[in-house]
Amino acid sequence: MRKIVVRALVTAVSAATALLFTATAAQGSAQPKEVDPVFDRPAAAADVGPYVTKLSHSQATSMLRSSGITWSSSGNCSDRYNSTCTSFEQVNLATIQGAQTLKSASGCALNITGGTEVGHASGTYSHWNGYKLDYSLYTCVGNYIRNNFTYIGGNKWRSGSGNIYFLESNHWDVTYYNCGGC
C-alpha cells in the first residue's frame, strides 16, 4: 500500500513539474520568472489598476492625526517639490497603515520628518514612490524596534511582516512593503 501511495505522489509531482516547464517554455523561457508583487500584474488584471493605493496629502494626514501620529518639517510646509517640507502626496495606503501599526503596537510617540517630498534617494521602494517614511529618534520607538524586530546588519532591523527599519544618523528610515499586520 505504501509503495502505491509513494508511486502516485512521485507521478503527480513529475506531472506538475512537466506542466510548469511546458508553460514557461511556451512563454519563451525555460526559467521561471521572478514576479514583483507590486509592479508585475497578470494580464487579466491589467484593467483593474495598480496593487498599491495612493493617498493625497489630506487623506494621509487625516489618518495619521486619527492615530495620534505627528509630522514636522524644517520648512513648516507640505510641498512635495520642496525638500524642506514633509509631504504625503502619493504615499501608499499601506505605508500610512504601517505607521499606524507601529504606533499602536509600540505605544510610542511617532513624529514623521520625511515623506514623499524631493531630496531622498531614488529607487523602486523610495520615499518618492510612497514606500518610505522617516521618523524622529525617540527612545521609546528605538527600543521597540531593537527589542521586537530581527537585526539584519548595517543598522537595519526587519519586522515580522518584512518591513525594514534603518537607523540613520538622525532618524529612522522605514521601508514599508506592507501595512505590518493592519
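**Close-up views of a predicted protein model**

**View 1. His 171 lies in the loop that connects β8 (164-167) to β9 (172-175).** Helices (H or I, at least four residues) and strands (E, at least two) are DSSP runs, numbered from the N terminus. This is a predicted model, in which local features need pLDDT of at least 70 and side-chain atom pairs count only at pLDDT 80 or more, while totals for chains, interfaces and linings use all residues. Residues are numbered from 1 along each chain as its sequence is written, and side-chain values use heavy atoms, with hydrogens and water left out. His 171 has a relative accessible area of 13% and is therefore buried (under 20% relative accessible area, with a 1.4 Å probe and protein chains only). The side chains of His 171 and Asn 170 form a polar contact of 2.7 Å (a pair of N or O atoms within 3.5 Å; within protein, one must be able to donate a hydrogen and the other to accept it, and residues adjacent in sequence count only if both atoms are side-chain atoms). Apart from neighbours within four places in sequence, His 171 is in contact with Thr 113, Asp 134, Tyr 135, Leu 137 and Phe 166 (heavy atoms within 4.5 Å).

**View 2. Val 91 belongs to strand β3 (residues 91-92).** Val 91 counts as buried because its relative accessibility is 0%. When neighbours within four places in sequence are set aside, the residues in contact with Val 91 are Thr 53, Lys 54, Leu 55, Ala 60, Ile 96, Thr 116 and Gly 130. Leu 133 is 42 residues from Val 91 in sequence, and the C-alpha atoms of the two are 9.2 Å apart in space.

**View 3. The largest pocket holds about 250 Å³ of space.** Its lining comprises 14 residues, of which Tyr 125, Lys 132, Phe 166, Asp 173 and Thr 175 are the closest to the centre of the pocket. Strands β8 and β9 each contribute at least two residues to the lining of the largest pocket.

**View 4. The protein as a whole has four helices and nine strands.** Read from the N terminus, the order of elements is α-β-α-β-β-α-β-β-α-β-β-β-β. The protein has 182 residues, of which 32% count as buried. Among contacts in the protein with a separation of 6 or more, 56% are between residues 24 or more positions apart.

Notes. Buried < 20%, exposed > 50% of the residue type's maximum accessible area, 1.4 Å probe, protein only. 1 Å grid on protein atoms, 1.4 Å probe; cavity = no way out; pocket = protein on both sides within 12 Å on 5 of 7 lines; lining within 4 Å. Points joined across faces, edges and corners; volume = space filled by probe spheres on them.
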